[in-house]
Amino acid sequence: TPLAADMAKNVVKPVIDSNTFERDYRAVLQAKLREFGDESSAALLGQIVNGPPAMRDAAVVVAGTVGPPLIDPLVGLVVETASLDTRQAAARALAAIGGMAQQELAQRLEGDINDEMRVRILEVLDVSGAASLEGSVLAALEHASPAVRDSACALLGRMGPGGAPIMRRLI
C-alpha cells in the first residue's frame, strides 16, 4: 500500500544513516523493516541503485538483516544492471544475506543465460562462498566464451588460497 511504502521509506533512512549509532534503536527499526516486507525491500533497493555511496553501503548492510525477500531482486540487479557499482553493491548485499543468496547466484550461473550475464555473476560472486560453488566455477573455467573463462580466472585469483581445491581439480 502507498502508506506502508511511505512508512518503509521513512524507516529505511534512519536505519542506514551513519549517524544512527544507538544499536537498540537501529535494531528496532530493522525489525520494523522486516515487518514492512516488500515495501522495505523496495526502499532498500532504491538506495542500493540510486543512493549516494555512503547510503548505498549502509543499505547493503541492512539488506542482510531483511534477508530472503531481497534475494530475487538483488540477483536481478547483478544479472541485468549495466552499472558495475550497482552490481557490486547488490552482490555485497547478497553476501550479507548469506549462503542461500550465493546458491541462487550459482543456479543462475548454471542456467540458460547469455555470456554477458554469466560474466556479471562471476565478477561479483562472494569469494568466501565461492569454494562451495566449485562445480559452477569449474564449468565457467571450461566455458566456450573467453570472457567467461577470464572472469572465472579472476574469481579464482580473488579466492587466493581458498581456491586451491578448485585448482587441484584442474591439474
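The points below describe a predicted model of one protein, from its overall make-up to particular residues.

1. Overall make-up. The protein has 12 helices and zero strands, so that, read from the N terminus, the order of elements is α-α-α-α-α-α-α-α-α-α-α-α. Of its 171 residues, 47% count as buried. Among the contacts with a separation of 6 or more, 64% are between residues 24 or more positions apart.

2. Helix α10. This helix spans residues 134-141, and because six of its eight residues are buried, it is largely enclosed by the rest of the structure. The buried residues are Glu134, Ser136, Val137, Leu138, Ala140 and Leu141.

3. A link from α10 to α12. A search of the whole structure finds four salt bridges, and one of them joins arginine 169 to glutamate 134, with the closest N and O atoms 2.6 Å apart. This pair links distant parts of the chain, since arginine 169 lies in helix α12 and glutamate 134 in helix α10, 35 residues apart. Arginine 169 is exposed, with a relative accessible area of 56%, whereas glutamate 134 is among the buried residues of α10.

4. Salt bridges within single helices. In helix α8 (residues 115-124), glutamate 116 and arginine 120 lie four residues apart, about one turn of the helix, and they form a salt bridge whose closest N and O atoms are 2.6 Å apart. Glutamate 116 is partly exposed at 49% relative accessible area, while arginine 120, at 12%, counts as buried. In helix α7 (residues 99-110), glutamate 104 and arginine 108 are likewise four residues apart, and their salt bridge has its closest N and O atoms 3.7 Å apart. Arginine 108 is partly exposed, with a relative accessible area of 27%. An α-helix has 3.6 residues a turn, so residues three or four places apart point the same way.

5. Threonine 86. This residue belongs to helix α6 (residues 84-97) and counts as buried because its relative accessibility is 4%, where buried means under 20%. Leaving aside residues up to four places away in sequence, threonine 86 touches Ile48, Val49, Arg56, Leu77 and Thr81.

6. The end of the chain. Isoleucine 171 is placed in the segment after α12 (164-170), and at 88% relative accessibility it counts as exposed. Together with Met167 and Leu170, Ile171 makes a nonpolar surface patch of about 340 Å².

Note on methods:
Residues are numbered from 1 along each chain as its sequence is written. This is a predicted model: local features need pLDDT of at least 70, side-chain atom pairs count only at pLDDT 80 or more; totals for chains, interfaces and linings use all residues. Side-chain values use heavy atoms; hydrogens and water are left out. Patches are made of residues with over 30% relative accessible area and no salt bridge: like charges are joined within 9 Å, nonpolar side chains (Val, Leu, Ile, Met, Phe, Trp, Tyr) within 5 Å. Accessible areas come from the Shrake-Rupley method with a 1.4 Å probe; for residues, only the protein chains shown count as cover. A salt bridge is a side-chain nitrogen of Lys or Arg within 4 Å of a carboxyl oxygen of Asp or Glu. Helices (H or I, at least four residues) and strands (E, at least two) are DSSP runs, numbered from the N terminus. Buried means under 20% relative accessible area, exposed over 50%, partly exposed in between (1.4 Å probe, protein chains only). Contact means heavy atoms within 4.5 Å.
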